[in-house]
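Subject: Structure handover

Hello,

Here is the structure we talked about. Please have it open while you read the notes below.

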Amino acid sequence: MNRVVRIHDTIDDSDGVASPELDTVHGPILYLEDVTVSFDGFRALNLLSLYIDDGELRCIIGPNGAGKTTMMDVITGKTRPDQGTVFFGQTIDLLQLDEPAIAQAGIGRKFQKPSVFEQLNVFENLELAMHTDKRVWPTLFARLQPAQRESIAEVLETVGLTAQRRDRAGSLSHGQKQWLEIGMLLMQKPKLLLVDEPVAGMTHQETERTAELLLSLAGKHSVVVVEHDMEFVRSIARKVTVLHEGSVLTEGTMDEVQNHPRVIEVYLGA
Amino acid sequence: MDLANLVAQDRAGKVFLTVLTIAAVSISSLNLLVPESSALHLSTFTVTVAGKYLSYALLALAVDLVWGYCGILSLGHGAFFALGGYAMGMHMMRQIGERGVYGNALLPDFMVFLNWKELPWYWLGFDHFCFALLMVVLVPGALACLFGWLAFRSRVTGVYLSIITQALTYALMLAFFRNEMGFGGNNGLTDFKDILGCNLQKDGTRVAIFLLTALSLGVGYVASRFVVASKMGRVVTAIRDAESRTRFIGYQVEHFKLWIFVFSAVMAGIAGALYVPQVGIINPSEFSPLNSLELVIWVAVGGRGTLYGAVLGAVLVNYAKTVFTGVLPEVWLFALGGLFVSVTLFMPDGLVGLAQKWFRVWGLNLKQRSNA
Ligand SMILES: Nc1ncnc2c1ncn2[C@@H]1O[C@H](COP(=O)(O)OP(=O)(O)O)[C@@H](O)[C@H]1O
Ligand SMILES: [Mg+2]
């Protein structure tokens, strides 16, 4: 598993790309307070409050429709909440930023449905995701630096797609696309990773490797994982948050959560 | 990226640039060097028609950039072409001077006819060639910038965007039809005499403009290739295939769309400026929504997202149009419509796509034979 651990070398922030100052001296890297989102009167998120600590690996579970994906939409700027506050560190008000600005501030997201650029090859997908100046003119004149090639090669190795680097992303298997998307996330060098159902459609072996990778990322990065697969959650989780009907039902270790009477009720539909 | 490298990596592009050079050189020498009595002589009329095709090809290149690569189906690119054409037309109009029917040194004939006493402010400066060139680039560029900024910022995409681009060119057509606008109304601008002191009726001038058009097409191709081969080209392709995903990895999608839209509009404007001195007239029908639809058909027929496909489509469809409208003018629009439907149904990647498929099959057969 050395391969997985090496990712730490790839992700460092000494690349001189300007992004808003992230201030986490008071602990949490992400604050959600009283966030409410309604779709035609239906409250997908209902006064949701959640804090993610710097360097934490947090799992979020909850039945279908609990609002997990909607929560990620709010954090990444896709959906504007009706009320509430969302802060990245102490100072960055995410509700003031649009999607690209949030991404450049250091929040990366892996989507529930694998979404890679199908017409581009694997290497190009990683190249586009790479943390760098993403404004128009610098992009027009960008040339890959040796160090950047190196970091793409490392991520290719980490996600096991080195042999497929010249293949069109659209031709990859479902599991490979999931990995490519994780690779793209790594290329972004985010401070906070939001990962929506990463192991859906993966084989047992792939699932294990994903768990190792996510564990290796925690500490230096904050990771929020949404997952249905309880075995997977148990294998990585330190702290679990249960979401139900748009707000937090309970938080704790996996054992605490699984023995919580309300959680049993919600999951078993009793 | 240095240009030599860029061209070296683009095999089809090398073929295209070679063919373009050979065609340009041979067409102009067959006109200027071969005596008129010879069967090999090409008439100046033919040279001008070829020049017209090449300016269309430059326009098709512009459409391919926004549509083929960025997925913005603009059905109003004819407007930028026409604006570039009008800017050049205004310069040539002012060059006429006292040689007009009314012999007015300052005012073009149509203004005298309308009893205007002085030149409208927006005609000032057009007596200078350099100013006119600046406007050829600036006016389409500024309009594309304003329009694109409003449309892309509001995230208008797909069919809605196509419809408002049609509306844009239609509105401009109606405006330019009005005499009070001061662009010659439905007659437009015509009766040009010379450009940079060279008589427009002279063979030498015609051939020079033709060669300039060929050169512009070559430069336009290399510039477009530079854009699509750059990282920006890949970002733009990403936007075409998954716009919202591109936002989530940190690209300001609107800025990229706007950049490529403006770049493309400027190219279309230059194409229009090359077109007008060759056909000798620019009128509001160039803004007709139908024209902009035709451009898209050229690109679809040639094969979008390849650049040279757009050039091929523009030349072939326009050649067919010349032939058709000579023989059976009433049938042309039906033929064009039929062409579009059949390309969409049977040749989604256009002629270039078809050729690539054949080459693949052919290459495979060759390989199998050599294995046997
Ligand atoms: N764009 C939308 N329009 C209407 N309803 C939506 C939309 N997005 C999500 N919802 C609803 O909000 C609820 C929460 O959805 P989601 O966040 O996707 O749940 P989860 O990811 O936890 O399964 C669901 O009931 C879903 O139907
Ligand atoms: Mg979900």
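Of the 270 residues in chain A, 46% count as buried. A residue is buried if 20 or more other C-beta atoms lie within 10 Å of its own, exposed if 12 or fewer, and partly exposed in between, with C-beta atoms placed from the backbone.

Two points on conventions. This is a predicted model: local features need pLDDT of at least 70, side-chain atom pairs count only at pLDDT 80 or more, and totals for chains, interfaces and linings use all residues. Residues are numbered from 1 along each chain as its sequence is written, while chains are lettered from A and ligands numbered from 1 in the order in which they are written.

Chain A overall

The secondary structure of chain A comes to 12 helices and 10 strands. Helices (H or I, at least four residues) and strands (E, at least two) are DSSP runs, numbered from the N terminus. The C-alpha trace of chain A spans about 55 × 40 × 35 Å along its principal axes. Its radius of gyration is 18 Å, which agrees with the value near 18 Å for a compact globule of 270 residues. That radius is taken over C-alpha atoms, and the globule rule is 2.2 Å times the number of residues to the power 0.38.

Two residues are in contact if their C-beta atoms, placed from the backbone, lie within 7 Å.

Strands in chain A

An open sheet is formed by 4 strands of chain A, in the order S2-S1-S4-S5, with antiparallel pairing. Its edge strands are S2 (42-53) and S5 (92-93), each pairing on one side only. Two strands pair if DSSP finds at least two bridges between them. Strand S1 (residues 28-39) is joined to S2(A) by 8 bridges, and the two run antiparallel. A:Leu30 has A:Ile52 in S2(A) as its bridge partner.

Now look at strand S8 (residues 222-226) of chain A. Is S8(A) enclosed or open? It is largely enclosed by the rest of the structure, because 5 of its 5 residues are buried. A:Ser222, A:Val224 and A:Val226 point one way from S8(A), while A:Val223 and A:Val225 point the other way.

S8(A) has parallel partners. S3(A) is joined to S8(A) by 4 bridges, running parallel. There, A:Leu57 stands opposite A:Val223. Strand S7 (residues 192-196) of chain A is joined to S8(A) by 5 bridges, also running parallel. In this pair, A:Leu192 stands opposite A:Ser222.

Ligand 1 and A:Gly62

The residues around ligand 1 are A:Phe39, A:Ala44, A:Gly62, A:Asn64, A:Gly65, A:Ala66, A:Gly67, A:Lys68, A:Thr69 and A:Thr70. A residue is near a molecule if its C-beta atom, placed from the backbone, lies within 6 Å of it. Helix H3 (residues 68-75) of chain A gives the most to this shell, with 3 residues. By class, the shell has 3 nonpolar, 6 polar and 1 charged residues. Ala, Val, Leu, Ile, Met, Phe, Trp, Tyr, Cys and Pro count as nonpolar, Asp, Glu, Lys and Arg as charged, and the others, Gly among them, as polar.

A:Gly62 lies in the loop between strand S3 (57-61) and H3 of chain A. A:Gly62 is buried, with 22 other C-beta atoms within 10 Å. Which residues does A:Gly62 touch, not counting residues up to four places away in sequence? They are A:Lys68, A:Val242, A:Leu243 and A:His244.

Chain B

The contact takes 20 residues from chain B and 22 residues from chain A. On the chain B side, the elements that give two or more residues are helix H9 (231-241), helix H10 (243-248) and helix H11 (253-279). H9(B) gives the most, with 7 residues. By class, this side has 10 nonpolar, 5 polar and 5 charged residues.

Helix H12 (residues 289-302) of chain B has 14 residues. It reaches 21 Å from its first C-alpha to its last, close to the 20 Å expected at 1.5 Å a residue. The expected span is 1.5 Å times one less than the number of residues. H12(B) is mostly covered, with 10 of its 14 residues buried. Those buried include B:Trp298 and B:Glu294. B:Gly303 follows H12(B), and its phi is positive, near 115°.

B:Asn115 lies in the loop between helix H5 (109-113) and helix H6 (129-153) of chain B. B:Asn115 is exposed, with 6 other C-beta atoms within 10 Å.

Best wishes
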